[in-house]
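Please examine the sequence and the structure shown below.

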Amino acid sequence: MSLYFTDEHNMLREMVRQYAQTELAPLSIEMDKEHRMFPEVLERLKELNLLGIMVDEQYGGVGADMLSYAIVMEEISKVCASTGVVISVHNSLACGGLSAFGSEAQKQKYLTACAAGEMLGGFCLTEPGSGSDASNMSTTAEPQGDHYVLNGSKCFVTMGQEASLFLVAARSDRNKGVKGISVFLVEPSMEGFILGQAEDKMGMRGCSTHEIIFRNCKVPKENLLGSEGDGFKIFMKLLDSGRVGIAAQALGIAAGALEASVKYAKERQQFGKPIASFQAVQWILADMHTKVEAARHLVHNAARLKDAGQDYSLASAMAKVFAAETAMWVTTKAVQVHGGYGYTRGYLVERYMRDAKVTEIYEGTSEIQRLVIANRILG
Ligand code: CAA
């Protein structure tokens, strides 16, 4: 409970917590084992209106604020971080991009379908040769008649197999550097769209991650998002918002690992008493709790700045780097508190630890967040 939560925030938290802890929890274990997202989970996200959280009501969304979205991300990721990243990419990157930069026709066609959960959004920025150096992309988009023709490949695309609409960054003018990048709305049914290989990942195994190849992929001109040449800025702005979602996901993972550790420490007996009675364990739990609370404040601060219409780029980078590193630290300690059992699949903390790692990598590594922060404070 937070002092600034409204009744709506509290009700939303209860609703999502109830779903996550009763329905999603058992499925999350199976999804991790099978390395795929179950369609029934996507169906429930749709029924619970979690696929259009911040979309305006006029396009069929909930019209909720970013703090609500952060609450959803934390509660879902506490139980299943894979489901968290699907919600994040769809809501902040895909729906966020259409809401902020889409034409009215694009909103009517795609945003309404995304908000209703009839389409699932994906985001294609990273390439084999351009990760942190995102603007150095090779994928091209050549205008030809009433189409653009895309050539190149993107990697690490969350839900590449299941998503039905991708925001794709490509170089529409090779001579203009960063200002030659544009964003295109691409459907898998478009000619020349090829689903590449799936990644076999350490964590986040409850959702798919694919390579996507564009071979003379024909994208109608009306599927240009925003103006030609504005693509890099559009993606950077979307990542400001996306990073709040990933920070909230990392917070959820850390909070889940903390909860599991407190419970275990009270139950596990050694030397004739619960290990929670030993100061060595108490201090670990105290540090875990403090870091989780600090991460929560940074996440909520970034979300509330966005809700207030203020610049939140710096706050988002700080929330992302701090929450991600907290998740990694807390989950590692959670495994330690669980001892040998923590290292087995019989307890959830080993999954939390595997899932936490990528929050330090995707949507901008911790090093890139520090670069963004340093650039902002140094001017
Ligand atoms: N908002 C608006 N504009 C921005 C911006 C922002 N947050 N950040 C940069 N820009 C603008 C700059 O102002 C500049 O515009 P002008 O030329 O008009 O001044 C332009 O963009 C270029 O900026 P830079 O010179 O700073 O660009 P750069 O090439 O040096 O890159 C970077 C900056 C921060 C390193 C950036 O490349 C970056 O964020 N890299 C990380 C990429 C990343 O996060 N990838 C995530 C992949 S998606 C993913 O992981 C999704 C998933 O599946 C979970």
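Is Ala 356 buried or exposed? Ala 356 is buried, because its relative accessible area is 0%; buried means under 20% relative accessible area, exposed over 50%, and partly exposed in between, with a 1.4 Å probe and protein chains only. This is a predicted model, in which local features need pLDDT of at least 70 and side-chain atom pairs count only at pLDDT 80 or more, whereas totals for chains, interfaces and linings use all residues. Residues are numbered from 1 along each chain as its sequence is written, and side-chain values use heavy atoms, with hydrogens and water left out.

Ala 356 belongs to helix α9; helices (H or I, at least four residues) and strands (E, at least two) are DSSP runs, numbered from the N terminus. From C-alpha to C-alpha, Ala 356 is 9.3 Å from Thr 332, and 24 residues separate the two in sequence. Another buried position is Ser 77, with 1% relative accessibility. Ser 77 is part of helix α3, which spans residues 66-79.

Met 119 sits in the loop between α5 (104-115) and β1 (121-124). This residue counts as buried because its relative accessibility is 13%. Met 119 and Glu 187 are 68 residues apart along the sequence, and their C-alpha atoms are 10.0 Å apart in space. Arg 296, in helix α7 (residues 279-307), is likewise buried, with a relative accessible area of 16%. Between the C-alpha atoms of Arg 296 and Leu 314, which are 18 residues apart along the chain, the separation is 16 Å.

The ligand may be considered next. Which residues come nearest to the ligand? Of the 25 residues around it, these are Ser 132, Thr 158, Lys 179, Lys 233 and Arg 243; a residue is near a molecule or strand if one of its heavy atoms lies within 4 Å of it. By class, this shell consists of 12 nonpolar, 7 polar and 6 charged residues. In this classification, Ala, Val, Leu, Ile, Met, Phe, Trp, Tyr, Cys and Pro count as nonpolar, Asp, Glu, Lys and Arg as charged, and the others, Gly among them, as polar.

A nitrogen atom of the ligand lies 2.9 Å from a backbone N or O atom of Ser 132. A polar side-chain atom of Asp 240 is 3.0 Å from a nitrogen atom of the ligand. For Gly 364, a backbone N or O atom is found 3.0 Å from an oxygen atom of the ligand. The protein covers 70% of the 1,100 Å² of accessible area that the ligand has on its own, with accessible areas taken from the Shrake-Rupley method with a 1.4 Å probe; for residues, only the protein chains shown count as cover. Two or more residues of the shell come from each of β3 (147-158), α6 (231-267) and α10 (366-378). Of the elements, α6 contributes the most, with 7 residues.

Two backbone features complete the picture. Most residues other than glycine have a negative phi. Glu 363, which is not a glycine, has a positive phi of about 50°. Glu 363 is placed in the loop between α9 (349-359) and α10, and its relative accessible area of 13% makes it buried. Met 204 also has a positive phi of about 50° without being a glycine. The loop that holds Met 204 runs between β6 (193-198) and β7 (209-220), and at 4% relative accessibility Met 204 counts as buried.

Ser 208 is also placed in the loop between β6 and β7. Why does Ser 208 count as buried? The reason is its relative accessibility of 7%. The side chain of Ser 208 makes a polar contact with the side chain of Glu 162, at 2.7 Å. A polar contact is a pair of N or O atoms within 3.5 Å; within protein, one must be able to donate a hydrogen and the other to accept it, and residues adjacent in sequence count only if both atoms are side-chain atoms.
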